[in-house]
Amino acid sequence: MKSLLSAIALSTVAIPALADEVNIYSYRQPELLAPLTEAFTEETGINVNVAFLNKGMVERLSAEGKRSPADLVFTVDIARLSAVVDAGLAQPIESEILNTNVPDQYRDPGKEWWGLTTRARIIYASKSRVDPSDVTTYEDLADPKWKGRICTRAGTHAYNVALLSAVIEHQGLEGAKTWLEGVKANLARKPQGNDRAQVKAIWAGECDIAIGNTYYMGKMLEDKEQKAWAEDVNVLFPTFENGGTHVNISGVALTKHAPNKENAIKMIEFLTSPKAQEIYAEANYEYPIAPGSQASDLVASWGSFTADDVNLMTLAGHRGEALKIIEEVGFDD
């Protein structure tokens with residue numbers, strides 16, 4: 001662990017490109033990747049360098065061009081992955097291993113990005129004030145019975161933009177706008193904070209239900225202060241009336257000018273293997289996507305669901321429309 005952390009660089013620091021290495025630009029915290037990078041190095045002998053970026057991945061890769069040392073980019077949210085592809089900063093991979101390990105809906109049709117794990121966008125509901133049967137669909141969130149009872153983070157956050165993009169896919173533009181207006185009318189407070197802050201608000205009695213990602217339940221349970229928040233809520237898996245539960249992904253792309261292309265492809269193939277999938281999912285409380293892989297016991301204890309089968313690249317295409325609706329509705333005002 002110590003050797004890995006010593007290799008971590010801030011976004012302003014260059015990382016070397018050597019033949020026995022793989023260099024990663026990551027929006028994911030390096031400590032979340034450590035179990036994977038260590039396992040990959042142990043299996044292959046290939047060292048891994050991680051540069052953590054808070055923002056500006058597309059801008060940095062564009063500025064570096066052919067001089068970039070980056071082989072792979074790691075990120076969360078389909079919009080961030082598609083932004084790398086749309087900017088012409090990734091390249092396709094032809095691999096039977098990846099075709100086998102990654103289901104169609106979790107990969108770019110052009111094979112320029114590949115999903116690694118998924119998380120569901122679910123409902124956290126007060127155990128004492130909400131009957132789980134009262135909210136079973138995303139459409140339910142716009143029902144006036146929830147007036148003054150919903151908490152959420154900003155509508156313009158990537159996770160909520162992706163959810164609204166899914167609503168657009170299922171209900172069309174007008175339907176999505178009507179839905180978002182209904183959700184806004186039901187808010188207990190102005191959108192604020194992160195997903196964990198919404199669960200804290202339920203615990204504090206400020207609202208009764210909240211929108212959040214599944215993995216935050218695991219993160220709260222491991223935190224002494226936040227455990228009480230987590231234990232105060234149920235995890236509910238809503239669906240669309242004509243679909244499944246909305247999921248988003250963490251994913252990876254091979255950069256256009258990868259100096260260690262062969263090693264980088266080996267790493268992506270390793271990351272999508274059932275062994276690595278379960279390591280990643282266990283460390284991050286997410287759901288593995290490789291056939292035959294299993295969620296951790298804790299994650300499985302939250303319940304099962306059927307993921308919506310819309311290709312995530314389709315949802316990425318609705319991002320601009322979703323942002324426009326959020327602005328028109330004044331959701332974050």
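Predicted model: local features only at pLDDT ≥ 70, side-chain atom pairs only at ≥ 80, totals over all residues.

Tutor: Helix α2 (residues 30-44) packs against helix α10 (residues 261-271) at an angle of about 115°, and their axes are 11 Å apart.

Student: Is the crossing of α2 and α10 left-handed or right-handed?
Tutor: The crossing of α2 and α10 is right-handed.

Student: Which residues meet there, in α2 and in α10?
Tutor: From α2 you have L36, T37, A39, F40 and E43. They meet N263, K266, M267, F270 and L271 of α10.

Student: And how does the contact of α2 with α10 split by class?
Tutor: That contact has 6 nonpolar residues, together with 2 polar and 2 charged ones.

Student: OK, new topic. How many cavities of 30 Å³ or more are there?
Tutor: The structure holds 4 of that volume. The largest cavity has about 100 Å³ of space.

Student: Which residues line the largest cavity?
Tutor: Among them are T152, G155, N160, L163, L164, W179 and L180. V183, I211, I326 and F331 also line the largest cavity.

Student: Which helix gives the most to that lining?
Tutor: Helix α6 (residues 158-185) does, with 6 residues. By class, the lining of the largest cavity has 8 nonpolar and 3 polar residues, with no charged ones.

Student: Let's switch to pockets. What volume does the largest pocket have?
Tutor: The largest pocket has a volume of about 410 Å³. It is lined by 18 residues, and Y27, Q29, Y159, Y215 and Y216 lie nearest its centre.

Student: Which elements give two or more residues to the lining of the largest pocket?
Tutor: They are α2 and α8 (215-221). Of the elements, α8 gives the most to this lining, with 3 residues.

Student: Which residues lie nearest the centre of the second largest pocket?
Tutor: Look for T118, Y287, P288, A295 and F305. In total, 16 residues line the second largest pocket.

Student: How do those lining residues divide by class?
Tutor: The lining of the second largest pocket has 11 nonpolar and 5 polar residues, and no charged ones.

Methods: Residues numbered from 1 in each chain as written. Heavy atoms only, no water. Axes fitted to C-alpha atoms, helices over the stretch in contact; angles between N-to-C directions. Helix = DSSP H or I, 4+ residues; strand = E, 2+ residues; numbered from the N terminus. Left-handed = near helix turned anticlockwise from the far one by under 90°. Contact = heavy atoms within 4.5 Å. Nonpolar A, V, L, I, M, F, W, Y, C, P; charged D, E, K, R; others polar. 1 Å grid on protein atoms, 1.4 Å probe; cavity = no way out; pocket = protein on both sides within 12 Å on 5 of 7 lines; lining within 4 Å. Points joined across faces, edges and corners; volume = space filled by probe spheres on them.
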